[in-house]
Structures are given as structure tokens and as C-alpha cells.
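Good morning, and thank you for joining.

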2 protein chains.
Amino acid sequence: MIENLWRGVAIIYTKTGEETAKKIENWIESEKEVPAISFTYSSTDLSYIWSCYDAIIFVMAIEGVVRSVCKLASSKDKDPPVIAVDDAGNFVTPILGGHWGANEIAKEISSILGGKPIITTASEIFGKDSVESIARRLIAKIVNPEAIVKINSAILRGEEICTDGFSIQGMREGKDCKYIITTSNFQDPNKVVLKLRLLPLHVGIGSKREVDVNLIYSGLMEALSKMNIEPSRISSISSVREEVGKIAEMLKVKFILYNLEEIRIFSNPCLTPQSEKLKEVGVKGVAEVCALMSSGLNPRLVLRKVKLSKSATIAIATGE
Amino acid sequence: MIENLWRGVAIIYTKTGEETAKKIENWIESEKEVPAISFTYSSTDLSYIWSCYDAIIFVMAIEGVVRSVCKLASSKDKDPPVIAVDDAGNFVTPILGGHWGANEIAKEISSILGGKPIITTASEIFGKDSVESIARRLIAKIVNPEAIVKINSAILRGEEICTDGFSIQGMREGKDCKYIITTSNFQDPNKVVLKLRLLPLHVGIGSKREVDVNLIYSGLMEALSKMNIEPSRISSISSVREEVGKIAEMLKVKFILYNLEEIRIFSNPCLTPQSEKLKEVGVKGVAEVCALMSSGLNPRLVLRKVKLSKSATIAIATGE
């Protein structure tokens, strides 16, 4: 589960939970290879984190977590999975989003902490996808939102759902079910068809002065493969280094070159906060900014920046 | 702890948790001898329960509990202790009010369910009273609320607090501390003094036609003793049975006789819902109604009705 949280995991902790928080952060980064960013509770604007990350882990007493999430929770379909871990790492408790990932995340986290996952939801509806989570995973837009409720209810009732144009675990490819999720132009007035439009992807690349084109290319292919995304969905590659243009050539996509001033003035609430090290040397991360700037209207990160090596990072965004 | 929850424990459950809910209800009623009332989640107006009971136990998945309490939670000092128990009774998790009772309640409940209490708050501030909870337990009004924050902070910092005019576990009786909680007229401009005014108590008594005066009298004395309340604080006794007047005579307090029509038309959001049995025979409980009607402005229950025997019930209320 955690390896699919490409927009990253936010870990929020108070001083007494720092050790446990760092343990979780290091494990997610090194073993799961997805971004994990930790924030101190007092210095954090939770509303950004709420909409910018794929999961939120609080290392705090449950009451504090509940009072924090109460300010932001809106509905089961929209809220991110939220997990509470006590300072000592004894109990890992899904607070919100149990069926949309929090239970699985809690199990994985508790196993590395030597703690216990506190699973309190009924087991029979475990791990069932919602239409929204499928769309998020495919990085797709739901074309006819009026079908969402019908399909989600069918999923919860355990009815068979077919996929058309893509494959996903637990659903059968085909067009002979009553309920169909399609990425093609398939239509059938006698069936309930939910249409997804796969969104174009924009890759931003940060690199030190010496650009290792082969390393970046293979790192990008590996990241896409983990995300189960065809390279053909890439719409642009961008960077502040001209040499990165070679990767765009290899992929036969548009290359966009930005300058450092453009990077400096761009802002987006979901950008990964600068590390202390980057702050010291006065450099702003470029991969996320490049990816977002290339994504048009309402840009949003779909892969938070990951390091390919000490010398390169990639991030992926989409937009309208 | 649970034996001090005189306004009763509300247990809220969904169908799949009914067995666990009933187990908790029966145990609280029979072993702890305080009122426990269970409600089905779907038929319940949570906002009444929030302010009418001394603790709320949800037998439901934590996510459902969190989404429910988010609508009602206001602040640590005002919210009741809230505990979540999963359907199977495996995990008993304090959700709100960990320091004001929820942790202790969770420990007691888990022991009878054979489950595990999920305590996630720092242990060093366990079981410390707040000024509000002391006032609630003494059934007193805080005369100078502006001193609340100062005294509560001192309690949390571990400073010594003296009590004057009453005694309470964990605090020393006397007037030589910097921080003093008093029920007398004590004043000292060099100290932080929080004044409590003990409120008059109004006892309502329900009885079958044959009034067993001695049984009711001794039951009332026992209840007051459990609540650590002097009989001299009783201001009135009321009932629909004239014979109950003898108890008022014995206590040398006012007796108020109500008729059934007065009982019928009285309403208060915190009244214990009629049992199926009472509904069947068309009788409305009278103890709580009598106690509340006698209590003047803003009446509120301080002891939810308890059965003294099959033939009599008492309830206690206060007001302004």
C-alpha cells in the first residue's frame, strides 16, 4: 500500500514523538521509496497537508489527532487516510480512511515499529477500491461524476465491476458486466458506465551541473513502472538544465527549459518544504516546480519529488 | 471512575455491536450501580447525549466515532469523555477526555470485555482533576470563572493545590498553598483562590402505590454517601405520592407533591428515554421529572434515576 502513495506521506509529530516519527520517515523513504516528509505539529499548516499528501501519520495522542482532523474532515470520499501513532509507537490506529488505505498503512507501519495495528472496521469491506481512488491511481479525471455513487454502491455491495481500457486488481477486464469503468469511448445505455479520462503527465527534472542522461532516463522509467504508467502518457519534460532536453528527445515529447528566476517566483501550496540543506545553500528544489509550471491550469503533483541519485530528482504533475 | 458517573453513561451502538453494547450496559448497571442507557446510532440525537451524560461509549469503528464527535466537540474542558469500542470488544480506545476520565473508563471497560485499552496520552498527567471536573463532582457553581485557567495550569504543572471547606483525593486540605479551591468565604489577595458555591439539591422520588418509606430513605442515604454528598444539602423532596412526604419530614426539608398531569406535560432534553416496558403501560418515569421541576431555573440532572428496588426510583437535580 505505502509504495503507492506517490504524492507522499506527511508525518506530523510533537517533540515527545520525534524519535518514532523519524523512524517511520526513514523506513518509508528507504524501504518503500516514496516521499515521506515530517513536520512538527506546532509549525504546520494542516490544511495544506490535508490536500497535498496521500496519507497523514500523526505521532501524537489520539485526542490531539481527533481535535486536529475535526477541523478538516469533510467526507469519506475526500479525506486522506489518517493514522495516529502514539509517541512510543505501541499503537497504530487508523483514524480516517480505514477502507481507503489507512488500515493497510497502519498494518505496515506497526510491523516496523513493533507496535499493534488497531483495526476496528468490519473486515468484509476491506481493501475495496472506490471510484475516486481508482481515478487517483490512474491519474485520471472522472468525466461523468453522476455515475460515482452508483458504481461505489455496487462495489460495496460486492457486485462485479468490469474495467475497459485498463486493468486493476480485483476487477475483471471486459464489457459484459452491468457496471463498467472505462478509459475508452465505450457507451451502453443499458449499463452503468463511468468514464475516466487519463490525464497528460508533466515530468520535472532537477539535476546537478553534470547531467547523467542515462541515469535520469532509467530512473524515470523505473518510477513510471512502479506507478503502472505507460511512458506514452508523458506530455512534457522540463528542467533548468538544457542537457535534460536529450531525455525529451528520447521520449519524443516536448522539452521546456526554465530559468532560475522563473523557479524562484513560482509558488504552490503542495511543494515539498525546502530541506535545511537546500535552505543553507540557497537553492530551491526545481523538479516539482518545473513539473507544476508545465502542467497548465490547476496544476497538481502526482509524484512528489524523489531522488534518483545524489545528483538528480524527478517529480510528476498534471493539470488541465 | 465509572461509579462516579452519576449522570449516567450513554452507550451508542450499531446493529453489529449490539451484543458488546449490552454487555457493557449490564455490567455498568449491575456492578457499578450507575445508570447506563444504550441507544442505537441511527435513532439517536447525539447533541442531547453530548450534554446530558457523564460519558459516552460508542460501540462502532473508530472512523464512525470520529466523524460523529467532530460535529459536537468543542474543547477539552467541555466535552464529555468519549470512548470507542469496536464491535467485537477487542479494542477500547479513549477518543476524547483521556485526562478527564476516558482513560480510566477505557481500562475498566476493557477488563470486562477481555479487550485491550488503547491508551495513547502521556502518563505523567494521568488522572489529574480539572477545576471543572471538581466543580461537577461537588455539584457546585464556579463563582469566579476568571480563576479557572490559572488553577488548571497549576494543576497541570504539578503545583500543590489546597482545598478549603471540602476534601478531595490528591489535594491537601488547608489554606497555606498559593492555589486554593474553596467552598467557604475565604479570601486572600496574595493567593489564587477559586470559589465554588455548593448548589442545593432536589430529590425526586418515584414509587409504586405502596410506598416503602424506610427502603427509600435508606436508599437515598446510600446514594448520597456514594456521591460523597451531605444529606444537609438536600433542599427539597418531591413525588406524586403523598406518603413520600414522610421522608421530607425525616430530613426536615420541603416536600413538593406533583400530579400526573404536571408530570405528563414536563419536558427536558436530558430525561432518560422511557423504557419499552414503561411505554407499554403508558407510565412516564416520575423521579427525574419531579427532581427537575423542583429545581427552579435551568434545571439539570445530577443523578440520573436509579432503581432502589422494583418499587422505587430516585433522581437528583439542581438549578438556579
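In chain B, strand S5 runs parallel to strand S6 (residues 116–117), and two bridges join them; strands are DSSP runs of E, at least two residues, numbered from the N terminus, and two strands pair if DSSP finds at least two bridges between them. Phe91(B) has Lys116(B) in S6(B) as its bridge partner.

A word on conventions. This is a predicted model, in which local features need pLDDT of at least 70 and side-chain atom pairs count only at pLDDT 80 or more, while totals for chains, interfaces and linings use all residues. Residues are numbered from 1 along each chain as its sequence is written, chains are lettered from A and ligands numbered from 1 in the order in which they are written, and side-chain values use heavy atoms, with hydrogens and water left out.

S5(B) also pairs with strand S4 (residues 82–85) of chain B, antiparallel, over four bridges.

Which residues does Thr120(A) touch? Leaving aside residues up to four places away in sequence, they are Ala61(B), Ile62(B), Asp86(B) and Phe91(B), where contact means heavy atoms within 4.5 Å.

Finally, chain A can be laid on chain B with an RMSD of 0.0 Å by a turn of 180° and a shift of 0.0 Å along the axis, superposed by least squares on the C-alpha atoms of residues with pLDDT of at least 70 in both. That is the relation of a two-fold axis.
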